[in-house]
Amino acid sequence: MAEREQALRDKVSALMPEIITELKEMVAIPSVAFPAFPPEPVHQMAQRAVDAFQRYGVPARLQEVPGGYPAVWAEIEGPEGSPTVLLYGHYDVQPAPKEQGWTVEPFVATEKDGRIYGRGAADDKSGIAMHLATLAAFDGKPPVSIKLVLEGEEETISHLEAFVADQPELFQADVMVVADMGNLTVGEPVLNTDLRGHVKAVVELSTLSDPVHSGLFGGAAPDALMALIKLLSRLTDDAGTCLIPGIRSTEWVGAEYSEEMLRANAGVLEGVDLVGTGPIASRLWSRPSISVLGIDCPSVDEGGNVLQPRARAMVAMRIPPGQDEEAAMVALTSFLRDEVTGGVHVEVTRNKLSPPFHQGNDGPAFTAMAKALETSYGRPVGQVGSGGSIPLLDQLREASPQADFVLMGAEDAAKARIHGPDESVDPTEIEHMALAQVLLLDALGTKAP
């Protein structure tokens, strides 16, 4: 077995220069699938991924998804009796406005300090690179049956979820490998067992028919912006703990997340207190959190001496596994309505609802991947959660209730800065994760009857 492992390690290592070249070329394509962005780069990226997999003997093609961008799809029939493994990733990326603070061109792959910078370098074109290296290591003929699914709308309103619900038979598998995660720190492997869900709502307050002079009427006429500020302040206590009632909250059991790591990874300014109480891992992975993602109001530069007649905000709550997402949405919207005082007119509109996700750690594929990661990295494997959400996982689980999920990837929390400026990936993480995935498929194939 040691000789087999070394041979696979050598194969993956030899592939990495060309795989990294593929990644860099994909980073150069601004595949932002948000409605306000041009569709041509998204279609270009989808075809670019198809071409890349075909170069390594994988019969990839475009799969039309009603109402949305196509998925990149491939099926490979493995040896008789072998399990089916679905490999998931996504080729769309977040926008990369310069005002975020980018120090490199976001759609030019830039090598610096041993990392590759660019939008999508980590989230999630690194996942595509992992899958590409994995299947290339087997020359397109892995020891198990494969279903490859690369989504084109993970970062926006996904149409793939409805497609999976309509045609679940296409997505049935024994193992689901989701390459859209990462280690907390480069070189220290983890597997993810829990993802928080996400509910968002827009609250709009109205107090006046029109803007009025703040000098003539201030002190008596109600200002909608001030009313909104007071409402938002009621979302948390003084420590920053979410006050929405009836939301599940538990203590995390698994790897700890130190305060020092959180401060470094999140870029917390010196002297600024963290929010919430208790273990950091619990605050991030097994308790609810509340955020204000945006406020519509005049900017400082454009603000006149007027009281605002209307003001609105986007309020988001992350919910832990075990919490029903519909009940959480009702709790959030009810709170926003009920906490408004003074007869202020209030309108609350639902925006997005994503369920939380939990994967047990005793499944055969999970266990095999833990061993594969330990072999790849030469270190024991931790178990972590994630505050992020992947709504598609719930649909995949409905399609294959018996499937064992494996959640991992090259998006390290310490430096990847996904969704932010100067997103980057450490190529050694891609290599280690690809090797682990190769070892997983090899182990599953070996055990096939």
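Asp113 is exposed, with a relative accessible area of 71%, where exposed means over 50%, buried under 20% and partly exposed in between (1.4 Å probe, protein chains only). This residue sits in the loop between β4 (110-112) and β5; helices (H or I, at least four residues) and strands (E, at least two) are DSSP runs, numbered from the N terminus. The phi of Asp113 is near 55°, a positive value in a residue other than glycine. The model is a predicted one, in which local features need pLDDT of at least 70 and side-chain atom pairs count only at pLDDT 80 or more, while totals for chains, interfaces and linings use all residues. Residues are numbered from 1 along each chain as its sequence is written, and side-chain values use heavy atoms, with hydrogens and water left out.

A few further backbone features are worth a visit. Most residues other than glycine have a negative phi, and most peptide bonds are trans. His419 has a phi near 75°, again a positive value in a residue other than glycine. The loop between β17 (404-408) and β18 (424-425) holds His419, which counts as partly exposed at 36% relative accessibility. The peptide bond from Asp123 to Asp124 is cis, with omega near 0°. Asp124 belongs to the loop between β5 (115-117) and α3 (125-137).

Turning to the overall fold, the protein has twelve helices and 18 strands. With 449 residues, a compact globule would have a radius of gyration near 22 Å, and the 23 Å of the protein agrees with this; the radius is taken over C-alpha atoms, and the globule rule is 2.2 Å times the number of residues to the power 0.38. Along its principal axes, the C-alpha trace spans about 80 × 45 × 45 Å. Of the 449 residues, 52% are buried. Among contacts with a separation of 6 or more, residues 24 or more positions apart account for 80%, a contact being heavy atoms within 4.5 Å.

The interior can be followed through its nonpolar cores, each a set of buried Ala, Val, Leu, Ile, Met, Phe, Trp, Tyr and Cys residues joined through side-chain atoms within 4.5 Å. The largest nonpolar core has 70 residues, and those with the most contacts inside it are Phe53, Val85, Tyr91, Met369 and Ile430. Helix α12 (residues 427-446) gives the most to this core, with ten residues. A second, separate core of 28 residues includes Ala224, Leu235, Ile319 and Ala328.

Beyond its neighbours within four places in sequence, Val85 is in contact with Val144, Ser145, Ile146, Lys147, Val175, Val177, Leu441 and Leu444. Met369 lies in helix α10 (residues 364-377) and is buried, with a relative accessible area of 0%. With neighbours within four places in sequence again left aside, the contacts of Met369 are Leu191, Val406, Met408, Ala436, Gln437 and Leu440. Ser389 is 20 residues from Met369 in sequence and 22 Å from it in space, C-alpha to C-alpha.

Not counting residues up to four places away in sequence, Asp194 touches Trp252, Pro321, Phe357, His358, Val384, Gly385 and Ser386. Gln47 and Asp194 are 147 residues apart in sequence and 32 Å apart in space, C-alpha to C-alpha.

Thr277, found in the loop between α7 (259-266) and α8 (280-285), counts as partly exposed at 45% relative accessibility.

Finally, the structure holds one cavity of 30 Å³ or more. On a 1 Å grid over the protein atoms alone, a cavity is a set of points where a 1.4 Å probe fits but cannot get out, and lining residues have an atom within 4 Å of a point. Grid points are joined across faces, edges and corners, and a volume is the space filled by probe spheres set on the points. The largest cavity contains about 30 Å³ of space and is lined by Val65, Tyr69, Ala71, Glu151, Gly152, Glu153, Ser158, His159 and Leu160. By class, this lining has four nonpolar, three polar and two charged residues; Ala, Val, Leu, Ile, Met, Phe, Trp, Tyr, Cys and Pro count as nonpolar, Asp, Glu, Lys and Arg as charged, and the others, Gly among them, as polar.

How values were computed: On a 1 Å grid over the protein atoms alone, a cavity is a set of points where a 1.4 Å probe fits but cannot get out, and a pocket is an open set with protein on both sides within 12 Å along at least five of seven lines; lining residues have an atom within 4 Å of a point.
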